[in-house]
Amino acid sequence: MAQSIPPGDIITQPNAKVVFNAPYDDKHTYHIKVINTGGRRIGWAFKTTNMKRLGVDPPCGVLDPKEGVLVAVSCDAFAFGQEDTNNDRITIEWTNTPDGAAKQFRREWFQGDGMVRRKNLPIEYNP
């Protein structure tokens with residue numbers, strides 16, 4: 001039954017993009033807060049367009065209604081200006097957890113016929 005109800009909204013802070021500032025000869029970490037504003041428990045997972053440069057910790061989890069989590073987005077050192085950064089972004093996907101499921105993330109929640117919502121956060125690099 002939970003699969004037929006679309007997942008509620010989430011709030012990310014920041015809301016629109018992630019900004020990393022130079023210099024890029026060292027690792028940077030940026031924190032994003034994710035809040036489940038809906039009325040149901042959700043499973044969430046981050047994806048990134050550049051696995052070599054960008055990391056997310058923790059990469060996935062479960063949030064009860066009104067619950068939030070702080071996620072660390074890291075950018076490894078790289079040669080700024082010599083690598084293409086135009087398409088770098090992270091995407092958070094979330095879906096309702098099945099009724100009665102334990103509060104433990106399961107990848108298969110995203111592979112069934114339930115609705116999965118996505119939010120893209122572009123990465124901006126300031127020289």
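**Salt bridges**

I searched the whole structure, a predicted model, for salt bridges and got 12. I then went through several of them one by one.

I took Asp9 and Arg117 to start with. Their closest N and O atoms are 2.7 Å apart, and the two form a salt bridge. I looked up where the partners sit. Asp9 is in the segment before strand E1 (10–13) and Arg117 is in strand E9, so this bridge ties together parts that are 108 residues apart in sequence. Asp9 has a relative accessible area of 43%, so I noted Asp9 as partly exposed. Arg117 comes out at 28%, which is also partly exposed.

Next I looked at Glu124 and Lys17. They form a salt bridge with 2.9 Å between the closest N and O atoms. Glu124 belongs to strand E9, while Lys17 lies in the loop between E1 and strand E2 (18–21), so the link spans 107 residues of sequence. Glu124 is partly exposed at 31%. Lys17 is partly exposed at 35%.

I then turned to Asp76 and Lys27. Here the closest N and O atoms are 3.8 Å apart, and the pair counts as a salt bridge. Asp76 is in the loop between strand E7 (68–75) and strand E8 (89–96); Lys27 is in the loop between E2 and strand E3 (28–36), so parts 49 residues apart in sequence are tied together. Asp76 has 31% relative accessibility and is partly exposed.

I also found a network of salt bridges. Its members are Arg41, Asp64, Glu67 and Lys103.

**Lys119**

I wanted to know which side chain of opposite charge is nearest to Lys119. That is Asp9, 8.7 Å away. A salt bridge needs the atoms within 4 Å, and Lys119 has none, although Lys119 is buried. I placed Lys119 in strand E9 (residues 117–126). Asp9 itself is bridged to Arg117.

What does the side chain of Lys119 join through a polar contact? I found the side chain of Thr12, at 2.7 Å. I listed the other surroundings too. Beyond neighbours within four places in sequence, Lys119 contacts Thr12, Asn15, Ile90, Thr91, Ile92 and Trp94.

**Aromatic rings**

I ran the aromatic search over the whole structure and it returned 10 pairs. One of them is Trp44 with Phe46, an edge-to-face pair with centres 5.8 Å apart and planes at 80°. I checked burial for both partners. Phe46 is buried at 8%.

I then looked at Phe105 and Phe110. This pair is tilted, with 5.7 Å from centre to centre and 40° between the planes. Phe105 and Phe110 are both buried.

Which residues make up the aromatic cluster? I wrote down Phe20, Tyr24, Tyr30, Phe78, Phe80 and Tyr125.

Arg53 lies over the face of Phe78, a cluster member, at 4.4 Å from the ring centre. The charged end of Arg107 sits over the ring of Phe110, with 5.8 Å to the centre. That is the Phe110 already noted in the tilted pair with Phe105.

**Cys60**

I asked where Cys60 lies and how exposed it is. Cys60 is in strand E6 (residues 60–63). The relative accessible area is 28%, so Cys60 is partly exposed. Leaving out residues up to four places away in sequence, I found Cys60 touching Trp44, Ala45 and Phe105. Cys60 and Phe78 are 18 residues apart along the chain, and their C-alpha atoms are separated by 25 Å.

**Overall fold**

I finished with the whole chain. I counted 9 strands and 0 helices in the protein. Along the sequence the pattern reads β-β-β-β-β-β-β-β-β. The C-alpha atoms fill a box of roughly 50 × 25 × 20 Å along the principal axes. Of the 127 residues, 40% count as buried. I also checked sequence separation in the contacts. Among contacts between residues at least 6 apart in sequence, 74% join residues at least 24 apart.

Conventions:
Residues numbered from 1 in each chain as written. Predicted model: local features only at pLDDT ≥ 70, side-chain atom pairs only at ≥ 80, totals over all residues. Heavy atoms only, no water. Helix = DSSP H or I, 4+ residues; strand = E, 2+ residues; numbered from the N terminus. Buried < 20%, exposed > 50% of the residue type's maximum accessible area, 1.4 Å probe, protein only. Lys, Arg positive; Asp, Glu negative; His and termini not counted. Polar contact = N/O pair within 3.5 Å; in protein donor to acceptor, adjacent residues only side chain to side chain. Contact = heavy atoms within 4.5 Å. Phe/Tyr/Trp six-rings, centres within 6.5 Å; stacked < 30°, edge-to-face > 60°. Lys NZ or Arg CZ within 6 Å of the ring centre and 35° of its normal.
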